[in-house]
Amino acid sequence: MSRSRQPPLVTGISPNEGIPWTKVTIRGENLGTGPADLIGLTICGHNCLLTAEWMSASKIVCRVGQAKNDKGDIIVTTKSGGRGTSTVSFKLLRPEKIGILDQSAVWVDEMNYYDMRTDRNKGIPPLSLRPANPLGIEIEKSKFPQKDLETLFPGMSADFTSENFSAAWYLIENHSSASFEQLKMAITHLKRQANKKSEGSLAYVKGGLSTFFEAQDALSAIHQKLEVDGTEKVEGSMTQKLENVLNRASNTADTLFQEVLGRKDKADSTRNALNVLQRFKFLFNLPLNIERNTQKGDYDVVINDYEKAKSLFGKTEVQVFKKYYAEVETRIEALRELLLEKLLETPSTLHDQKRYIRHLSDLHAPGDPAWQCIGAQHRWILQLMHGCREGCVRDLKGPPGLHGTSLDLDAELRASAPSHLGQTVSLRRGSSFQPGRDDAWRCKTPHRVAFVEKLTKLVLSQLPNFWKLWISYVNGSLFSETAEKSGHIERSKNVRQRQNDFKKMIQEVMQCLVKLVRGALLPLGAAEGGGRQHGGWEGKAELPGQWLAHVIQTLRLTYDSLAALEIPSDLLQTIQDLVLDLRVRCVVVTLQHTAEDIKRLAEKEDWVVDSEGLTSLPCRFERCVLLSLQSLRGVLECKPGEASVFQHPKTQEEVCQLSINIMQGFLYCLEQLSTKPDADVDTAHLSVDVSSPDLFGSIHEDFGLTSEQRLLIVLSNCCYLERHTFLNIAEHFEKHNFQGIEKITQVSMASLKDLDQRLFESYIELKADPIVGSLEPGIYAGYFDWRDCLPPTGVRNYLKEALVNIIAVHAEVFTVSKDLVPRVLSRVVEAVSEELSRLMQCVSSFSRNGALQARLEICTLRDTVAAHLTLESRSSFKQALEALPQLSGGADRKLLEELLSRVKSGMHLQLACFQAAPPPAVKT
């Protein structure tokens with residue numbers, strides 16, 4: 001036999017005993033393929049088919065009738081399987097008769113209370129007033145998330161009694177795994193249910209069949225009784241007689257049952273009260289639940305309960321419900337105040353702020369809590385910024401022992417900046433750069449720099465959440481869907497005004513940041529009106545360039561971080577302006593400090609001369625300027641959106657003048673060195689480079705430097721400055737985009753040439769004047785007379801002395817700088833030749849021997865220093881010779897040549913220095 005032909009089998013019934021008309025649930029196998037397939041159902045021998053309701057192939061619901069047998073089987077008969085069997089039985093209980101005055105306690109199931117007189121669905125049978133399975137197929141609850149179903153079907157419900165019933169939602173929730181055949185069976189079942197409704201009162205009759213039977217039996221008994229009595233035996237109308245009897249019976253019953261009925265009314269009232277309490281316990285317990293959940297922080301539960309109560313009892317007219325709902329509103333108002341207080345508390349995280357705003361919007365709080373939170377956060381940020389300044393100023397002015405090592409800011413600034421001077425040695429001699437002082441400036445942060453770092457860190461920690469809160473406010477993500485719909489119109493009206501107000505808030509924060517930084521770093525540039533509010537740093541030395549560069553880098557990073565939040569650039573322009581002012585100030589301060597350091601370079605002069613006649617001073621100077629410019633590289637570099645430091649003509653002029661001051665400061669340093677008294681010169685460490693001839697030892701055995709030697713060394717340094725250093729520095733200025741390079745070079749070169757000329761003239765004066773002054777006394781020593789002298793046998797001693805002095809000058813200059821020899825000797829020879837020419841022209845007459853002696857001495861001097869003759873010196877020698885009488889004959893010329901040759905050969909060792917000299921220099 002196929003599965004569809006198997007007979008029904010009842011395996012269970014619940015309950016398994018009861019009085020007549022008890023509702024039972026029958027379970028088993030093969031109980032039919034549908035309601036139409038069920039053709040028979042007996043319990044204890046009584047036909048219960050009229051009250052049977054087929055639920056599924058394994059379940060049938062019905063009521064037990066007035067069976068004759070007290071116990072019997074449950075037999076199900078179907079078209080497809082025929083008569084079935086049962087493995088269980090049902091026991092029919094006989095209710096005890098109750099007297100009219102006996103008390104009785106009956107449990108009434110009031111959860112499914114149904115009044116046929118007031119219910120609109122009068123055609124629905126009592127067994128299916130609220131059918132648990134309207135489709136008639138097995139229910140299998142799906143695991144589909146409830147929230148996803150609510151999102152998928154907004155505003156709908158899976159409750160088939162709801163006006164917003166969604167069939168798709170119901171099927172997904174209860175029959176997600178049902179097959180197509182099962183859904184076809186469900187459609188058939190629904191059609192049959194619809195046909196039952198169209199049958200009119202048949203379903204009602206089937207549901208109340210027992211009542212009809214009892215009423216019919218009572219009416220038949222009355223009718224038979226009346227027929228037996230007969231109408232002729234009754235006085236008056238039979239109906240009237242019956243009415244009188246019934247009235248008397250009613251009065252008697254009222255008398256007898258007055259107490260019982262009173263208790264019944266009281267029980268009914270109690271039952272109804274309990275029913276109301278049970279049915280509406282949600283509302284009655286809601287105030288207490290709101291308080292408990294509020295204390296636990298379960299605001300979502302409170303909001304859900306409130307929304308449910310509002311939808312059910314918000315417009316009720318029942319006084320009890322009104323009273324309790326008013327209490328609910330009072331608790332909710334207290335919750336709104338609590339949430340608003342928590343929202344406006346500071347500090348608070350962005351997550352908590354969003355959560356409180358969402359709760360307040362769900363509770364329909366008056367006003368705009370989100371905007372109030374934004375305003376409170378804005379005021380909090382400003383308060384933190386001012387508190388940061390006040391704390392740092394208070395620490396700075398407090399006792400030194402309480403606030404670390406950086407409190408003495410004036411003494412610290414000079415010590416904190418790394419010294420360029422102590423870190424440089426001669427680059428020409430190949431020595432490596434070694435810092436002369438540890439990096440204490442990096443360890444001891446000045447209070448003002450620490451304040452700026454703390455202030456920017458504070459802004460970067462608070463402003464991003466502030467900005468994100470505003471973005472969430474604008475795009476509506478702070479509000480739930482319900483609150484968004486209700487508040488969208490109101491917010492859209494104020495959105496433009498809100499945007500303007502928030503823009504002012506951001507501008508106020510940026511302006512406060514800028515003013516506080518200006519008050520700390522640029523006190524002279526701070527506004528007078530805000531000096532007390534943003535200052536407090538008065539009387540403190542200005543920060544060195546290194547710390548200003550550090551602050552600039554900090555502000556740049558702050559700007560980049562704020563720009564990454566997509567804050568409009570116009571709101572951050574004040575920071576850019578501040579950075580530009582600090583960059584300009586950093587350049588100015590760095591150049592000023594460099595100029596001061598340059599002036600102190602004289603203290604670092606060691607007077608060690610290398611092979612080129614230079615000391616370490618020019619290299620120290622160049623290194624100092626180069627380090628200064630390198631420290632400004634990041635400051636001068638223009639980041640995206642920044643303007644050039646030199647965009648304003650005033651800045652260009654100031655920087656140009658400071659650059660000139662640096663150059664002139666070094667020239668002043670050189671002039672100081674050249675004019676120092678001998679006693680002020682420290683020669684304890686004096687030495688000569690091993691690559692140069694050790695001539696100082698022969699001149700100054702104690703290595704002490706004379707003023708003439710210092711002049712020579714300074715002149716040598718000046719020449720190097722002109723040829724290399726100043727040009728290199730100008731090139732570095734140009735690489736760093738300095739403006740006015742041509743002016744800097746011109747002014748510096750002019751000052752250098754002026755100093756060089758003055759020092760050169762001073763040296764020539766020191767060296768040439770003694771030689772020139774010794775000529776006239778030497779010529780006329782021993783009462784020498786040009787008109788009466790012996791025949792010449794050689795040059796006289798005065799000329800030899802002059803040549804030796806010139807050789808000494810040559811040696812002194814050559815020891816310091818070979819390049820200076822032509823220039824110095826040329827001027828010395830000019831002075832000597834000019835004096836010799838003057839002396840010759842002053843002689844009134846010469847004898848033959850005198851003229852020959854004078855010509856010999858003049859020619860000897862001229863030929864000896866021929867390598868250093870200039871146009872002026874040649875002219876002077878020519879004038880001196882022209883002042884002499886002409887040679888009388890060839891014998892005089894021959895004698896002159898012999899004497900010249902004899903003198904040169906006799907002094908060839910002394911005159912060798914003049915022969916090895918380079919060609920005459922053009923510069924004088």
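Me: What is F621 in contact with, leaving aside its neighbours within four places in sequence?
Reply: F621 is in contact with I598, L601, I662, M663, F666, L721, T725, F726 and I729. Contact means heavy atoms within 4.5 Å. This is a predicted model: local features need pLDDT of at least 70, side-chain atom pairs count only at pLDDT 80 or more, and totals for chains, interfaces and linings use all residues. Residues are numbered from 1 along each chain as its sequence is written, and side-chain values use heavy atoms, without hydrogens and water.

Me: What makes F621 stand out in the largest nonpolar core?
Reply: Along with M385, L463 and M840, F621 touches the most other members of this 184-residue core. Such a core is a set of buried Ala, Val, Leu, Ile, Met, Phe, Trp, Tyr and Cys residues joined through side-chain atoms within 4.5 Å. Helix α24 (residues 741–779) gives the largest share, 14 residues. A second, separate core has 20 residues, including V10, I13, C44 and W54.

Me: Why is I26 called buried?
Reply: Its relative accessible area is 0%. Buried means under 20%, exposed over 50%, partly exposed in between (1.4 Å probe, protein chains only). I26 therefore counts as buried. Beyond four places in sequence, I26 has contacts that include V10, I13, L41 and I74.

Me: How do you know that β1 and β3 pair?
Reply: Two strands pair if DSSP finds at least two bridges between them. Strand β1 (residues 9–14) and strand β3 (residues 23–29) have five, in the antiparallel sense. They therefore meet the rule for a pair. I13 has I26 as its bridge partner in β3. Strands (E, at least two residues) and helices (H or I, at least four) are DSSP runs, numbered from the N terminus.

Me: Why do β6 and β10 stand at the edges?
Reply: The open sheet has the order β6-β7-β3-β1-β10, with mixed pairing. β6 (53–56) and β10 (85–86) each have a single partner strand, so one side of each has no neighbour in the sheet.

Me: What makes V318, V320 and Y324 a patch?
Reply: These three form a nonpolar surface patch, with about 230 Å² of accessible area together (Shrake-Rupley method, 1.4 Å probe). Nonpolar side chains are joined within 5 Å, like charges within 9 Å.

Methods: Patch = residues over 30% accessible without salt bridge, like charges linked within 9 Å, V, L, I, M, F, W, Y side chains within 5 Å. Salt bridge = Lys/Arg side-chain N within 4 Å of Asp/Glu carboxyl O.
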